[in-house]
Amino acid sequence: MNDKFFSPPDLELSPSEHAARRGHLLREIRRAAYRSGGGKNVLRWRRRRLTLVAAAVLAMAVTASAIGVGVSAILEARALHRQIAERPLGQPVQVASGAGWSLVAWQSNEGLCLDLVVPGNGATACGIPVVGAATPANSYAATSPQHEVGYVLASGQSGQHDLAVGGVASADVRRVMLTLSDGQQIEAEVFDAPSGFPGSVHFFFADVPTSAPPGGSTESPLRSIDAYDESGRLLEHFGINE
Amino acid sequence: MNEHYSIPRIASAMMSNGSDRTLWEAVRNGDEEAFGKIFDRHANRIFSYCFQRTADRDTAQDLTSIVFLEAWRRRRDAVFAGDLVLAWLYGIALNVLRNQRRSQRRYQSALARLPRGEVQPDFTEEAVARVAAEETMRLIAGLVQVIPERERECLVLCTWQGLTSSEAAVALGVPPETVRSRLHRAHERLRKQLAGAASNDGELAAGEGATT
């Protein structure tokens, strides 16, 4: 019996499953490429154009020197990705960044999207139902219960970010406290949205250091997120694994 | 510690048409066929990992598709462990699993285009085996819940998936020494848990014997 715990079922895709998934994957990739205007040449042109957009964003950013992760790469990826998942309604904008991480946000037909990028990895979430996020009517986010905070988790691959948490909060939120599954509390850094960003929101980021004690017994390393206003009043206790 | 349990499965993803690193140069430049070869090499490992984390074969298949769609999207950020890109794919899978509900919703339209008819239906024997595997996995997943998440990730990657501590370190974004110490703690907790369960079973059996 004990062996099972050290060697659990190890399944493989059947040949037909493998073939179906492989074909689907390649079709999705090609579909995105062709629908975005043609073959590789068009995409190459698009990359150049998007890189120019990224350069403009970078030039406008006051904290240009603090930008650690390539926004242009995100924008390039977005051009290809847009036909696969949600439809962007605006350009991705780097809304916050620090040493080795970057938080990018944009509006989509599903609602606000967040892309948290850490070295060698990242995670994306779309349709985040946060108060004040200029969510399109009838989108997933608009038809979901509204919250004061929304988040995305990512592990990095540089040893720098064991676990990174990026998120968006309503305009009233000034302080964000994360409670890890082991009870440890970490305060997130809160950022104002760049001027001109649709809606009225803040963004936040927290780096859970590698020296932090291991989490509890729940699936997510996050137990909850507490959002406070300027006077210290709790606006929302967002339970994740409690 | 982990090397003791390490299974050289990654070696089974050996190269027939060049290393992952060589192939990935083409992938980076948008070569879909090269990406198809990467899928051929590593899809089963990612599927197995997703299954062991979800205990659901259908969900694991969808998550595998999402992992590779994400990998294509992030192909310029790939990190290699030696010449293999597999550890990086595990890292993507980890984040997809962490954000599972939103990931699935995000790729809902792409997944809806999967022609399910291409997959041959299970024969009865296979279906029974599948249900048994899912039940076993659910049982195991329930029992390893006593292990803290970070340690459990190391257990799954190193002990169940056969990664070395260096490879798991790439996937988890922590130093290899951290992986080793977490894995050690995970094994200790698991042994205690299993010993406790066996002891309880013994006491229960003894108690039952006394009443009959």
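In the predicted model, A:Met177 lies opposite A:Asp226 of β10(A). Strands here, like helices, are DSSP runs numbered from the N terminus (E, at least two residues, for strands; H or I, at least four, for helices), and two strands are taken to pair if DSSP finds at least two bridges between them. Strand β7 (residues 175-180) of chain A and strand β10 (residues 222-228) of chain A run antiparallel and are joined by 6 bridges.

Strand β7(A) also pairs in the antiparallel sense with strand β8 (residues 185-192) of chain A, over 4 bridges. Within this pairing, A:Gln185 in β8(A) is the bridge partner of A:Thr179. The two strands β7(A) and β8(A) form a hairpin with 4 residues between them; in the turn, A:Gly183 has a positive phi of about 95 degrees.

Strand β3 (residues 111-118) of chain A pairs with β4(A) in the antiparallel sense over 7 bridges, and A:Cys113 stands opposite A:Cys126 in β4(A).

Residues are numbered from 1 along each chain as its sequence is written, while chains are lettered from A and ligands numbered from 1 in the order in which they are written. As the model is predicted, local features need pLDDT of at least 70 and side-chain atom pairs count only at pLDDT 80 or more, whereas totals for chains, interfaces and linings use all residues.
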